[in-house]
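Thanks for asking me to look this one over.

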Amino acid sequence: MREHKYLLIDSRVLPEVFLKVVEAKELLAKGRAQSATAAARACGLSRSAFYKYKDSVEVFDKGAVGSLATLYLSLEDQPGVLSAVLGCIYDAGANILTVNQNLPADGVAPVTVGLKLGEQTALAQLQISLLSIPGVARVKEI
């Protein structure tokens, strides 16, 4: 059996069926189609072709490469601190992917935030801005 190889290919040289599969998967992911059959039909694709290629065709997100970060924060157990942190991240142009806040111990709650940094987001500056928020005791990139 041959080993799987992954290729990065310009979509302009691909047969149209692969582009339609990507389009159908996007319709499903965004909830614009309720089933694979409906998504395939909306894209002018046979259901069998969709199922044949759906697990083999993915879109490469060039913007995601090297732009992910995870921050560990220690937040004082006060109302509004986490909200202020999330607002600061939003203001910096980053997209919040995950937030995990644990129960506070000794008046401090550990929080982990996964981010997709925007083109204009400077991680070091974001950390400084976060530390200036009342109730933020610690910020560290992990």
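1. Let's begin with the sheet: four strands make an open, antiparallel sheet, ordered E2-E3-E1-E4. Strands here (E, at least two residues) and helices (H or I, at least four) are DSSP runs numbered from the N terminus, and two strands pair if DSSP finds at least two bridges between them. Strands E2 (95–101) and E4 (136–141) are the edges; each has a single partner strand, so one side of each lacks a neighbour in the sheet. From one strand to the next, the twist averages 20 degrees.

2. A word on the model itself. This is a predicted model, in which local features need pLDDT of at least 70 and side-chain atom pairs count only at pLDDT 80 or more, while totals for chains, interfaces and linings use all residues. Residues are numbered from 1 along each chain as its sequence is written, and side-chain values use heavy atoms, leaving out hydrogens and water.

3. Now look at one strand pair. E2 and E3 (residues 108–116) run antiparallel and are joined by six bridges. Asn95 stands opposite Lys116 in E3.

4. Two helices pack on the sheet. Helix H4 (residues 81–91) touches E1, E2, E3 and E4, and its direction makes about 150 degrees with that of E1. Helix H5 (residues 123–131) touches E1, E3 and E4, at about 165 degrees to the direction of E4. Contact means heavy atoms within 4.5 Å; axes are lines fitted to C-alpha atoms, for helices over the stretch in contact, with angles from 0 to 180 degrees between N-to-C directions.

5. Is Ser74 buried or exposed? Ser74, in strand E1 (residues 68–76), counts as buried because its relative accessibility is 10%, and buried means under 20% relative accessible area, exposed over 50%, partly exposed in between (1.4 Å probe, protein chains only). Leaving aside residues up to four places away in sequence, Ser74 touches Val108, Ala109, Gly135, Val136, Ala137 and Arg138.

6. Tyr51 is partly exposed, at a relative accessible area of 42%. Tyr51 and Ala36 are 15 residues apart along the chain, and their C-alpha atoms are separated by 8.3 Å.
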